[in-house]
Amino acid sequence: MKKLLLLLPLFFVFIAGCASSAKSAGEDVTILPRSSWKALDPKPFKPQVPQRITIHHEGEFFSPDSNSAEKIKKTQVWGMGKDRNWADIPYHFMIDAHGVIFEGRNVFTAGETNTTYDPTGHLLVTLLGNFEEQKVTKEQLNSLVNLLAYCCNKYQISPETIKGHKDYAETLCPGKDLYKYLQDGSLIKMVKEVLKDKYGK
Ligand SMILES: [Zn+2]
């Protein structure tokens, strides 16, 4: 038993090491399950069919050295607490500075927002950080492109529906350094390339 306990951390280092290797566009998508950030079970939720994809930043400056799983768990605990009383973490997927993708709420659950748009039908993807203040890393951007293509293919969503939170509501989200890829059309273009190369779409 003692030996097993000693080996356990090594196992997790191995898993994290695999997941955090920088992916280039078109590579396979690894999504760490909710157990990787010790998620609480969700409360009953409002069902949805995802029809469009909306990009967010988490909104708080986030150093790449910080513990992503811990941050995600804190966001969930806050969102489900008395301030908001949400069913779960507000987003469907989260991506950290190393490009690690984490599973959020069930994609068939409508997300949540602090702003005035209705997120029903939106698949919400957030990048950890505040991109008014910091830059999107190459790994983060690559994982975003791969995840978006994966979701477009899996849920039959047109890449043309990919927009930023600020396209729907009064907010700076997803921050200027992330929004620029939406504004100049390069994000949708990269997603379409992966859809074509990897999924033959
Ligand atoms: Zn947002």
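Helices (H or I, at least four residues) and strands (E, at least two) are, in these notes, DSSP runs numbered from the N terminus. I am working on a predicted model, in which local features need pLDDT of at least 70 and side-chain atom pairs count only at pLDDT 80 or more, while totals for chains, interfaces and linings use all residues. I number residues from 1 along each chain as its sequence is written.

**Entry 1: the whole chain**

I looked up the elements and found five helices and six strands in the chain, which run α-β-β-α-β-β-β-α-β-α-α from the N terminus on. I then looked up burial, where a residue is buried if 20 or more other C-beta atoms, placed from the backbone, lie within 10 Å of its own, and noted that 39% of the 201 residues count as buried.

**Entry 2: the sheet**

I traced an open sheet of six strands in the order S1-S4-S3-S5-S2-S6, with mixed pairing; two strands pair if DSSP finds at least two bridges between them. The edge strands, each pairing on one side only, are S1 (31-32) and S6 (163-164). S3 and S4 run antiparallel and are joined by three bridges, and I saw that Ile95 stands opposite Ile101 in S4.

**Entry 3: Asp96**

I next looked at Asp96, which is found in the loop between S3 (93-95) and S4 (101-103). Why does Asp96 count as buried? Asp96 counts as buried because there are 27 C-beta neighbours inside 10 Å. Leaving out residues up to four places away in sequence, Asp96 touches Ser68 and Leu128, where contact means that the C-beta atoms, placed from the backbone, lie within 7 Å. I also noted that Glu139 is 43 residues from Asp96 along the chain, with 8.7 Å between their C-alpha atoms.

**Entry 4: helix H3**

I followed H3 (residues 138-155) and H5 (residues 186-199), which pack at an angle of about 60 degrees with their axes 9 Å apart; axes are lines fitted to C-alpha atoms, for helices over the stretch in contact, and angles run from 0 to 180 degrees between N-to-C directions. The residues that make the contact include Val145, Leu148 and Cys152 of H3 and Met190, Val194 and Tyr199 of H5. Finally, I recorded that H3 lies across S2 (52-57), S3, S4 and S5 (122-127), and that H3 runs at about 165 degrees to S5.

Note on methods. A residue is buried if 20 or more other C-beta atoms lie within 10 Å of its own, exposed if 12 or fewer, and partly exposed in between; C-beta atoms are placed from the backbone. Two residues are in contact if their C-beta atoms, placed from the backbone, lie within 7 Å.
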